[in-house]
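Dear colleague,

Please find below the structure that I am handing over to you. My notes on it follow directly after.

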Amino acid sequence: MKFTKKIAFASASLALTMATPAALLTQNAAFAKTTTVKQATKVKVTKKTTPFYHKDGSKFTKKKPYVYGSWKSTVAYKNTSYNVVKTVTIKGAKYYYIGNDAYLKASDVKVTATKTVKSSSTSSAKKASTSSSKTTSKKTSSTSSSSKSSSKKTSSTSSSSKSSSKKTSSTSSSTSSSSSSKKTSSKKTVTQIQVTKKTTPFYHKDGSKFTKKSPYVYQGWKSTVAYKGTKYKVSKTITIKGSKYYYIGNSAYLKASAVKVIASK
């Protein structure tokens, strides 16, 4: 019986020794696969017109066109630039997501700006190989000792939870009594506005107006003023030199006196 135990112990040790080089090879292989790829961040339309697509590959229609502010269309026009959120594949073809639930087909545009990102597959491979090597090297004795210590921690935790529950009940009662004496108030935040004047300037955060040399730009559209009836989403409300302004994004603000609030939360 003693001889049999010694053989079994020697076999287990040999298995552990042989498993180690394999784990190291897996780690080295994962490290070697680290790559960087370029992702499109901006595209420009190359055709005279090209359709806007939904995420299922269907085109926008006249009844339900692509909408941005008060501008509506089923197609994008040549030389118009769009910021790319992500690149996706729809029915085997490459598309660029430009926001507002709209996509442009890669064959209808050209990439004008990219960014370099690291491949995410490498990190996951490293983690898998590391965890497998650690699992192989663990001993049964350490597991049994940890189970004993965890049982001790559980008993101590249960006792502490009893005392904490008592504290919580007393705290909640005092909180409820104090909160009942306080008055509740709610405040509305502006989320969308509409221009009421024929034209109104776009402003910088310092209160200066956009100029013809440096106009307000959004996806190829350039202007120094916003037009009547145009709707804009509001990120925040601020005060510049004593006057109220609404921030609409792209470093641009509209004066509150030139617009009306059409949505709030």
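In these notes, contact means heavy atoms within 4.5 Å. By that criterion, and leaving aside neighbours within four places in sequence, serine 81 is in contact with Lys42, Val43, Lys44, Gln219 and Gly220.

This is a predicted model, in which local features need pLDDT of at least 70 and side-chain atom pairs count only at pLDDT 80 or more, while totals for chains, interfaces and linings use all residues. Residues are numbered from 1 along each chain as its sequence is written, and side-chain values use heavy atoms, with hydrogens and water left out.

Serine 81 lies in strand β6 (residues 81-83); strands (E, at least two residues) and helices (H or I, at least four) are DSSP runs, numbered from the N terminus. The relative accessible area of serine 81 is 13%, so this residue is buried (buried means under 20%, exposed over 50%, partly exposed in between, with a 1.4 Å probe and protein chains only).

Serine 73 belongs to strand β4 (residues 71-73). Serine 73 is likewise buried, at a relative accessible area of 9%. Apart from neighbours within four places in sequence, serine 73 has contacts with Phe52, Pro65 and Tyr66.

Two open sheets

Strands of a sheet pair through backbone hydrogen bonds, either parallel or antiparallel. Here, two strands are taken to pair if DSSP finds at least two bridges between them.

Strand β7 is joined to β8 (residues 93-99) by five bridges, and isoleucine 90 has alanine 93 in β8 as its bridge partner.

Another open sheet has three strands in the order β16-β11-β20, again with antiparallel pairing. Its edges are β16 (231-233) and β20 (259-264), and because each has a single partner strand, one side of each lacks a neighbour in the sheet. Five bridges connect β11 (residues 190-195) with β20, and these strands run antiparallel. Isoleucine 193 stands opposite valine 261 in β20.

With kind regards
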